[in-house]
Amino acid sequence: MKLTVEKLLSLGSYEEARIMSGQSGLSNEVKGITIMEDPTIKKWLKGGEALLTSLIPIKNYTDNQMVDFFDELIDRGISALIIKTGKAFDEIPESLIKWGEKNSIPIIEVPKHIFYTDLMYPAMAEVMQNQVNKLTYFKSLHERFRDMAIKNYPIKDVILALSEIIGNPVSLYDYNLNLVMNTSRDEPIIVHDKKILLNKNFENNNQCFYRKISVKDNDFSELIFEIPVTESVKNYLGVSELFHEVDAMNLIAIENACTTIALAMVRNIAVKEVEEKFMNDIINDLIFGQQSMSSSLVERANLAGIDLFEKYFVSVLTLGKDMETIRYELKNHLGNIVKKYEGAYSIKNDHVIIMVKNQRLSSYKELTQDFINDIKSMEKILKKNNRSISISLGIGGEIKGYENLKKSYDEAIGAIRIGEDIYGSNFTLFYDDLGIFKIIRDISLKSDINDYIPKSIMKVIDTDKLRNREYLKTLEVYLKNNKNIKLTAKELFIHPKTVSYRLEQIKEIGEIDFEDTDQILEIQFAIKIINFLRKK
């Protein structure tokens, strides 16, 4: 227990001492006791000392000079002023008594026959005992948390132990100050402001931040301590001062707990990285390998929880930004998603491959919809602190057996590439729903797609450019409406006679026969190509 001014005065050698002013400062902590021999005392103070003096060094000061002198010592954090009367002054100056009352610095008078050593030794013994108690306490806590670290205790057990030791609820937050777990059994903690508000410094140079919270409609402070895990990863420990303020002894426990939690997190990250590499290797072998079954592949797949003969579909995900900046957070979310679906994932340079197992024997439509909802939920969380994120999702068809995973992957990556050509970003596309765009993209990859646009349509396009017409648009809408002039006019907001006139012009310019089904099919395909190129 710390030595306060009040406890100091209870020591036997202080029985003749009198408190002249500053009673509101009796709870000030006394970290040492120092004799004031000359006016340069300020530079020798470390903070928290009680000053023992006869005022001889400043006996010639005026009242104002004396007050100014002690005002400067307030910055050094003096805890009390113990004045021996009968030498420089028979009575303590009134100005100094008022100063002590104003600044909550106890002014204590002791008679001249008491030796300084009788006042100093008991006080220093108490201070030293406090230091011994702190060291003993630190040693016991260090051994307890070290034991938890060696035995790989879960992080939840660490924060429960800390809460028990310090007598206050403890919370663990991620790098975005989102709650991960806590020990409070009361009503949920309500944070008034998610931003960290103020910096708080303790006497042993521990730094933390605190913010205002509410529990059961009562306001408290929550201290937030940073837990540096790696250069790019950090979490936060929150201590809610529900029952008492955090003191120096609590800080010893908090510091040890933070170290133990950091070690556990580093260990978890290392394990996850090994698991991720193991999973990446399996997915690479299953999708990009030689597709040959081997006992090694079966064994590794079984260890990863992948049944090579079940139904799966493959999805490809892109984020629209460098994944390295959010890799840790992304992996946490993906890990939860693939665990739900008994699947697997692999992070590549510019996309993520996700294998989803149909373990519930749901329909493909139901399964993919649940999966899409989970990806959208992940995107919403990621966007809270990374607004530039824009998830695009390509989904391949459902397959059975490991030998068909490559087919589902090719479909998923194909959906991504076609979606990027058409929409740019922020889309969800099923390969099975792409229809004619699959053919168009295949053609565009192999040759100049413009070669597949017939001359009849090129003539119509040229006329639109030269005469500022809308013949191609009219032709597209007309064919879409099964060659119904009234519906075409309604959609284009023009008169039916205008539609008829445009169609006559189109027939003449492109030499088009609207009764020739082969030519009409060719034109419809060409219009799809043109729209694909425009969006691309």
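The structure is a predicted model, and the protein in it has 16 helices and 18 strands. A compact globule of 536 residues would have a radius of gyration near 24 Å, whereas the value for this protein is 39 Å. Along the principal axes, the C-alpha atoms fill a box of roughly 125 × 65 × 40 Å. Of the 536 residues, 47% count as buried, and the accessible surface comes to about 28,700 Å², with carbon and sulfur atoms contributing 50% of that area.

| Helix | Residues in the helix | Residues making the contact |
|---|---|---|
| H12 | residues 455–467 | Ile457, Val460, Ile461, Thr463 and Asp464 |
| H13 | residues 471–480 | Tyr471, Leu472 and Leu475 |

How do the axes of H12 and H13 cross? The two axes come within 8 Å of each other and cross at roughly 130 degrees. Angles from 65 to 115 degrees count as roughly perpendicular and those over 145 as roughly antiparallel, and H12 and H13 are therefore oblique to each other. The contact between them is made by residues of both helices, including Ile457 and Val460 of H12 and Leu472 and Leu475 of H13. Sorted by class, the contact of H12 with H13 has six nonpolar residues, one polar residue and one charged residue.

Key: Residues are numbered from 1 along each chain as its sequence is written. This is a predicted model: local features need pLDDT of at least 70, side-chain atom pairs count only at pLDDT 80 or more; totals for chains, interfaces and linings use all residues. Side-chain values use heavy atoms; hydrogens and water are left out. Axes are lines fitted to C-alpha atoms, for helices over the stretch in contact, and angles run from 0 to 180 degrees between N-to-C directions. Helices (H or I, at least four residues) and strands (E, at least two) are DSSP runs, numbered from the N terminus. Angles under 35 degrees count as roughly parallel, over 145 as roughly antiparallel, 65 to 115 as roughly perpendicular and the rest as oblique. Contact means heavy atoms within 4.5 Å. Ala, Val, Leu, Ile, Met, Phe, Trp, Tyr, Cys and Pro count as nonpolar, Asp, Glu, Lys and Arg as charged, and the others, Gly among them, as polar. The radius of gyration is taken over C-alpha atoms; the globule rule is 2.2 Å times the number of residues to the power 0.38. Buried means under 20% relative accessible area, exposed over 50%, partly exposed in between (1.4 Å probe, protein chains only). Accessible areas come from the Shrake-Rupley method with a 1.4 Å probe; for residues, only the protein chains shown count as cover.
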